[in-house]
Amino acid sequence: MNNHYDIIIIGAGPAGMSASCLASKYKAKILVLDVAASPGGQIFRAVETNQSIDKQKFGANYLNGIKLVNKFRKCSINYHSRAKVWHLSENGEVHYLKDNKTHFVKAKHILITSGAQERPFPVAGWTLNGVMTAGAAQILLKESNLGIQNAVFVGTGPLLYLIAHQYLMMGIPIKAVVDTTPLSNYFRAIPKIVNLRGNFNEIYKGIRWIGDIKKSNTLFIKRISDLRILGDEEVHAIEYQKNGQWNKIECENVLLHQGLVPEINISLSVGCRKIWNQQQSCWNIDVDKWFQSSLPSISVAGDASSISGAIAAEASGKIAALNILAKLNIITANQRDQLAIPIHKSLKTEMSTRIFLETLFNPISHFRIPNNNDTIVCRCEEVSAGEIRESVDLGSKGPNQTKSFTRCGMGPCQGRLCGLTVSEIIADQLNRSVEEVGHYRIRPPITPITLGNLSTTKPAVTRSN
Amino acid sequence: MIKRIDSQKTEMIKIYFEGELINAHKGQTVASALLEAGVTHFQNTTSRGSQRGPFCMMGVCFDCLVEIDEQPNQQACMVNVYQEMKIRRQTNIFK
């Protein structure tokens, strides 16, 4: 059948691209579905079309992305850009939306490589116009050569410093960098240096970025303990607390970032088991060393299962592909094991930096669980932290009940920007673990579609008896 | 204040926001073209009617919803500009 494949890969970032390239070498029939206009994922976004005079300023990693994208373009697969998956089932059926029409395809195995999103940063005023994520600023830069002048960068994590550094290299003025990393994280992270096993490159890079930012005379404020963004509809200023004092910086734009978390909605909707990762303070999709999920026909690789970065994602995509090829009897289990040895080894080296980074950049609990009851938690339905807490006082035992009580998570983003916060607030309020409290039950359609779109669905293929 | 950091020549695309002409660059998303033109208010939320504009730029947050050629609920950050595109602020849902 035309719409039947060996493997459907959801997402064309580093994990999806490397998996496609590897699996296509063995003549597997592959379909790649990706929401973006071109391949690369967020990390290599617009790498083919970027017209920046000096791409070097984006850093070596971004330039390496061109090689991977070129390789992906050349491999023999079916690739659909701007394809939004809105439903998938554990027996390999996938429904997606493209050009306002829905399409149905089926595969023997599905590989989810949906990547990461930025962690919610619920502080007072984060819904005001003029507040964006730092990742959004980077997208404007990569895709359209646009820089947000005199913005205040706020938060923690390697990506925040990288983007501020890219701004610096491009000559875009920065009003201030306000760092929320607490001193206690440094003390906790230092003993983890042994885990690096000499793999200091990434750490040096980060130190250099911060060093360059400080040398540039950009206002750099460290170790703030609290934060609020002021404005009516538009941002006027941010206020931060340091050493018990509140200080104000006037600004029109605030760029927030406190790390990345897996994009789990696709995996959860099909029923993959999740586990709470205490060190990352977020959900991971439970996968084995072959990136096989709890469901026999679904694998989840790259940041979509656990945040590990682009290089690790490339490796995990290959490992997942080898495992799927073996399951489909395209290669033998022995071939899989042999071919995976060097990839598992390089993945292990790459992962050695994670414990250190995750410990150092784990966001302070009150930037994940807002103290201020007026702070909006669910941006779509405008439900505040106070209303979430009130639902618990009224007897809610978890996110799904709180959702019925308050409408949190019922808006178009489908809980992507409030899910973690809601689970953590409820766990905190009930004095239970997040694992026990759970997460929203994610149901299809996993991206909003209209009834008009739905009416374009062709009758499902008739199954042979 | 959002500013272009290079002056390379790209093909220009005429789009309209609330009836006003905006010269956008080919390959730009609607969200980036509007932000470049100084538009920050894209929609009002359906719950309380608060003003919103792009937040994540990657299709996750749905804060940048606009009406494009009479189609409501279009994610401005996920759609590229094309000639004569007519965009409206999405406020009609909240009354």
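This is a predicted model: local features need pLDDT of at least 70, side-chain atom pairs count only at pLDDT 80 or more; totals for chains, interfaces and linings use all residues.
In soluble globular proteins, nonpolar side chains tend to be buried together. In this model, the largest nonpolar core has 163 residues. Those with the most contacts inside this core are Ile7(A), Ile8(A), Ala137(A), Phe153(A), Val254(A) and Leu255(A). Helix α8 of chain A, spanning residues 310–327, supplies the largest share of the core, namely ten residues.

Strands of a sheet pair through backbone hydrogen bonds, either parallel or antiparallel. Here, three strands of chain A form an open sheet in the order β13-β14-β15, and the pairing is antiparallel. Strands β13 (226–231) and β15 (245–250) of chain A stand at the edges with a single partner strand each, so one side of each has no neighbour in the sheet. On average, neighbouring strands of this sheet are turned by 20° against each other, with direction ignored. Strand β14 of chain A, residues 235–242, pairs with β15(A) over six bridges in the antiparallel sense. Across this pairing, Ile238(A) stands opposite Ile249(A) in β15(A).

A loop residue comes next. Phe361(A) lies in the loop between α10 (354–360) and α11 (365–368) of chain A. Is Phe361(A) buried or exposed? Phe361(A) counts as buried because it has 22 C-beta neighbours inside 10 Å, and the cut-off for this class is 20 or more. Leaving aside neighbours within four places in sequence, Phe361(A) is in contact with Thr156(A), Gly157(A), Pro158(A), Thr181(A) and Gly259(A). Moreover, the C-alpha atoms of Phe361(A) and Ala189(A) are separated by 8.9 Å, although these residues are 172 residues apart along the chain.

The final topic is the contact between the chains. This contact takes 40 residues from chain A and 34 residues from chain B. On the side of chain B that touches chain A, the elements giving two or more residues are β1 (2–4), α1 (30–36) and β5 (51–52) of chain B. The largest share of that side, three residues, comes from β1(B). By residue type, the side of chain B that touches chain A divides into eleven nonpolar, 16 polar and seven charged residues. Strand pairing also links the two chains: β9 of chain A, residues 146–148, and β1(B) pair in the antiparallel sense over three bridges. Within this pairing, Ile2(B) in β1(B) is the bridge partner of Ile148(A).

Key: Residues are numbered from 1 along each chain as its sequence is written. Chains are lettered from A and ligands numbered from 1 in the order in which they are written. A nonpolar core is a set of buried Ala, Val, Leu, Ile, Met, Phe, Trp, Tyr and Cys residues joined through C-beta atoms within 7 Å. A residue is buried if 20 or more other C-beta atoms lie within 10 Å of its own, exposed if 12 or fewer, and partly exposed in between; C-beta atoms are placed from the backbone. Helices (H or I, at least four residues) and strands (E, at least two) are DSSP runs, numbered from the N terminus. Two strands pair if DSSP finds at least two bridges between them. Axes are lines fitted to C-alpha atoms, for helices over the stretch in contact, and angles run from 0 to 180 degrees between N-to-C directions. Two residues are in contact if their C-beta atoms, placed from the backbone, lie within 7 Å. Ala, Val, Leu, Ile, Met, Phe, Trp, Tyr, Cys and Pro count as nonpolar, Asp, Glu, Lys and Arg as charged, and the others, Gly among them, as polar.
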